[in-house]
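Hi,

Here is the structure I promised to hand over. My notes on what turned up in it follow below.

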Amino acid sequence: ETALEAARSALDEAKSHATSAIEAVQAAAIAQAEGAAVAVAASADVASLTYDDVGYHLSEMSPPFIDEDQCLVPGEAVVRVEKAPENSRRIFAGIDIPVSVDSVWQVLTDYSNLQKVIPNLVVNEVLELYDGVPSDQVTVDTNTPDELQCEEMSKQLKGSLLRQVGGAKVVGINFSARTTLEVREWPQGMPDFAHFRDEVFEGKSRNARAKDNAKTKLQRYRFPRPFALSHLPTRDISMQSISNDDGEFRLYQGVWRLQPLPGCAPEGQDAMRLTYAVEVSPRAYLPVSIVEGRIVRDLCTNLVAIRDFVTARVPVQV
């Protein structure tokens, strides 16, 4: 019996060593791929990169959306919905567009004309424009919690205060959703501490992390992270309902993420990925299960409308 226990103990120890060895090999492989991708991005202008330079099949998605090997999102908008506590949802969506990042950025930051692009936007009123300060003058107290750092940084950025009303039909009833949004521009992308968790791949599937995230409450200035290829630059536009908003949402906060896709367009042309992550928490009198389907449909419609609008403005190259 003593010999049997010793054998079992030795077997368990061997399994542990084998598992550690496998994990070490996997970690080294990932680190090598990431290091190569970072080195490429750092040493070359993004516009000069080819499809093979980027290594889309090795790049991690942050967070993984369809699967970790996905290069391009299909031509139409794709969307994923995740549950969250307290009558809330997290929604992730995206679309790829054959134009430059600048083309889409100009449209999404033309605040007074958003109603010309976004369907179902009944009212779009610019209440205030924020000039912001130069990026090299933005300061933040790193000794404060992440959400306070995010708030402090955002208040120094360019943006706008918008009053918007969206119109839709929910369960056969005409429904209007009002909200006043503070919009901020992040030309170099949002820092990791601006998101509700550091959501890189970490070996977990998207479905596994969705179960974990279902327990994470929504928190102001802890934004959801749109999916993106981890090693390519991004530009972000954040939006958040103001703290004293009297609209239909207790909290509405989201991020537009714009990212170039080098090597994914014909020579001399551009391609980019537009993704959106949003957290919505309607008032208690409006169950999220009733409106989430409409929100998802409208979000997909908006992505397609943006794609159609910007591609119509870009001359066809032959």
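Glu182 is buried, at a relative accessible area of 12% (buried means under 20% relative accessible area, exposed over 50%, partly exposed in between, with a 1.4 Å probe and protein chains only). Its salt-bridge partner is Lys155, with the closest N and O atoms 2.8 Å apart; a salt bridge here is a side-chain nitrogen of Lys or Arg within 4 Å of a carboxyl oxygen of Asp or Glu. Lys155 sits in the loop between α4 and β4 (159-170) and Glu182 in strand β5 (residues 173-186), so this pair links distant parts of the chain, 27 residues apart. Lys155 itself is partly exposed, at 41%.

Before you go further, please note that this is a predicted model, in which local features need pLDDT of at least 70 and side-chain atom pairs count only at pLDDT 80 or more, while totals for chains, interfaces and linings use all residues. Residues are numbered from 1 along each chain as its sequence is written, and side-chain values use heavy atoms, leaving out hydrogens and water.

The protein chain averages a pLDDT of 79, and 69% of the residues score at least 70 (pLDDT is the predictor's confidence in each residue, from 0 to 100). Over residues 18-43 pLDDT stays under 50, and the model has 9 contacts beyond four places in sequence for them (contact means heavy atoms within 4.5 Å). Where pLDDT is low, the predicted coordinates should not be read in detail.

Strand β2 (residues 88-97) has 10 of its 10 residues buried, so the rest of the structure largely encloses it. Helices (H or I, at least four residues) and strands (E, at least two) are DSSP runs, numbered from the N terminus. β2 runs antiparallel to strand β1 (residues 78-84), joined by 7 bridges, and antiparallel to strand β8 (residues 272-282), joined by 9 bridges; two strands pair if DSSP finds at least two bridges between them. Lys83 has Arg89 in β2 as its bridge partner, and Ala93 stands opposite Tyr276 in β8.

What about the hairpin of β1 and β2? There are 3 residues between the strands, and Glu86 takes a positive phi near 60 degrees. A search of the whole structure finds 17 salt bridges.

Happy to chat once you have had a look!

Best wishes
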